[in-house]
Amino acid sequence: MRENVVIIGGGIAGLEAAGQLAGLGYNPILVEKEDHLGGHLADWHCLFPDLIPAKDVVSTLVAGAASANIFTNTEVLHINRLQDCYNVMLSNGVSVMTKAVLCATGFRLFDAHKKEEYGYGVYDQVITNSDLEKWFNGIPDPRIDNSMMSSAGFVHCVGSRDEKAGNPQCSKVCCITAVKQAIELKKKFPEMMVWCFYMDLRMFGKKYEDFYISAQRDYGVRFIRGRVSEVSENIDGRVVVKAEDTLAGRPVRITLDLLVLMSGMVCNPKTVRDSGTVQFPADSDGFLKCRNSVTDFNLSAQDGIFFAGSCTGPKTVPETIAEARSAVLSIHNWFKGKQ
Amino acid sequence: MIYQGKQKIWSEYQKEIPDDHWFYVRSCIRQNFFPASEKMFLEICRNVLGKDFYETEHHTTCGGIAYHCDTIPQETVMTIVARQFALMTEAGYSNYVASCITSFGNYIEILETWKEFPELETRIRELLWKACRREFRKPDYVAHASDLIYKYRNEIAARAKYRLVNRHTGEPLRVVEHIGCHYSKMFPSKGVGGAEYPYVLCGMIESWGGNVIDYPERRHCCGYGFRQYHVKANRGYSISNTHKKFESMEPYQPDMIITNCPGCPYFLDRWQYAISEMEGKTYSKDGYGIPVFTYEEVASLVLGYDPWDIGLQLHQVAVEPLLDKIGIEYDPARKYEGIDRKSLSRPELPGILKCC
């Protein structure tokens, strides 16, 4: 009889893990609270640094997980520890007995409304990185469609590396995402002036630095080292951005048609809806606490509870997929150890 | 502009302001700049609304200007403030309301500091006892006087004789609101509406019939900025800040400006004259400039008080065009008469900025 493994979250980590577990002969049961699979990536347009369409990645992962039992529009109500297994109660009335649970609940984007000085939800021409991706995907957005679009700006580190916002940690992928989105905008509006306001540029990944250089050299994106202090709106409805250029040592004031806030990754507030006997403690950064962040990053403190993806911290897509595979190997070895 | 977005923020920064029984402390400078504002605050609160407001002649400066100019030790400022609290305690009050924005910010900052560092509060109590044998209770509530007019705004509107409406067109007046920097920029939760989009004056304007203008330099300093003006060599920064604000608000053609800080109405009013002399420019089509008011003056006007009894003849920018726009009655011949009908003498008229 195939062993059940409950996977909480149908984003890319959950999908990859479901496919790999099925391949190893397990019975993955994937629970997704939304009505679709793919998590945030399902709304994303294309991926840095090679501009691979996100929908292709999601389709491949969904196809790979086809043999898993998948419940969408379903939440995990609670998980109770029994003598040698867990009872996972779902919101659709199904109860699953399983020895292993893989938590792949991912992240949520920082609510940009909280950075009041940037005017998201107050000024019409201020949007988030997520809003822009939806527009790249063909969903109409009057804030962009109705604009003359001769200039745009990106504000890095919105709600990340920000103690005032309660998130001192780096969100890791926003720098390169801003570079990608700036290039995509320039491809759609070649005459547009595009500015990026940053603290540091953390181009740590494969080909990221090349991508960043290309944004400047090939697309003319301008990078200003300095945080935006405030945003306002002029009589034409354009956004007026004040910032400090710390390299030039002077304040700057730029009027833009569009301002994109790079909302950072923050932890998902709840892994399960109600509290059962199994809890998911948070680490100091708010993300789920793994047993050891160097060697046992897939393991929780509880036997049989595993982690994959950005539920334990901000990660890129390849890192998330690699971690899902790693978690599957940990689960497989854990079952072998039980025999 | 998404008005609902601002409303959402405003709903998150509302204060539970006590309705009555206040210990009132005046500003060091407001009675010189806008002499009837504090008098009218007490007049409205006590005699129009029937509230209990107490003040004492023993109150002194809070030390805020010196503090923000870096010319006084923090412990000295705290001891001065502790003495004010002692006066409140001795008078039997626990709600403390400050006329001055800088004082309000100063009181809030000191109370929050004592919360974080209780040993400092203990030391200040010792210093106060040594200095003047006084003890104090910390206030249950500290408000700025504009918080109270905001709280009473609908009661004032219900009694109003005039509204902030152009009587010729029926359109709401276009009103710029300017919030003193020390109101909520340091502690957003202590201001009605928070730091980025304060609602305290917007609420009054809306309640009294006007439309609020949001313009790019709305948050910018009025130009007073203590280290700009009080350091003589820096006064160029003062007027350049004011100039920046007027250039920014000009396209919206505001009918008037309302402020809630001692320095802001003074600098926004007086520098219009200086800018007109330096640049040959005024910021209204008719050449009179944009009249600037304290919120107490505006409350008094809508309640029907005589413009000259509330000190509007002390303004640099002529208020008559606005009074005519609203339909407020006034006697031009009385402009330069004091309450006792003695002549205040007529000032010399400026060259560029038109005056009545």
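Tutor: Gladly; here is the interface, followed by some of the elements within each chain.

This is a predicted model, where local features need pLDDT of at least 70, side-chain atom pairs count only at pLDDT 80 or more, and totals for chains, interfaces and linings use all residues. Residues are numbered from 1 along each chain as its sequence is written, chains are lettered from A and ligands numbered from 1 in the order in which they are written, and side-chain values use heavy atoms, with hydrogens and water left out.

Let us start at the interface. In chain B, 18 residues are in contact with 16 residues of chain A, where contact means heavy atoms within 4.5 Å. The size of an interface is often given as the accessible area lost when the parts come together. Here the two chains bury about 1600 Å² between them, and 47% of that lies on carbon and sulfur atoms; buried area is the accessible area (1.4 Å probe) that two parts lose on being put together, summed over both. On the chain B side, B:M1, B:P216 and B:R219 supply 34% of the area that the chain buries against chain A, more than any other three residues.

The rule finds 3 salt bridges across the interface, a salt bridge being a side-chain nitrogen of Lys or Arg within 4 Å of a carboxyl oxygen of Asp or Glu. B:E217 forms a salt bridge with A:R253, with the closest N and O atoms 2.9 Å apart.

Next, look inside chain B. Helices (H or I, at least four residues) and strands (E, at least two) are DSSP runs, numbered from the N terminus. Strand 5 of chain B, residues 174–178, has 4 of its 5 residues buried; buried means under 20% relative accessible area, exposed over 50%, and partly exposed in between (1.4 Å probe, protein chains only). Two strands pair if DSSP finds at least two bridges between them. Strand 5 of chain B runs parallel to strand 6 of chain B (residues 211–213), joined by 3 bridges, and B:V176 stands opposite B:I213. Strand 5 of chain B also pairs in the parallel sense with strand 7 of chain B (residues 256–259), over 4 bridges; there B:V175 faces B:M256.

Helix 11 of chain B (residues 200–207) is largely enclosed by the rest of the structure, because 7 of its 8 residues are buried. Just after this helix, B:G209 takes a positive phi of about 105 degrees.

Finally, turn to chain A. Strand 7 of chain A (residues 86–90) pairs with strand 8 of chain A in the antiparallel sense over 4 bridges. The two form a hairpin with 4 residues between them, and A:G93 in the turn has a positive phi of about 95 degrees.

A:E133 belongs to helix 3 of chain A (residues 129–136) and counts as buried because its relative accessibility is 0%. The side chain of A:E133 makes a polar contact with the side chain of A:W44 (3.3 Å).

Methods: Polar contact = N/O pair within 3.5 Å; in protein donor to acceptor, adjacent residues only side chain to side chain.
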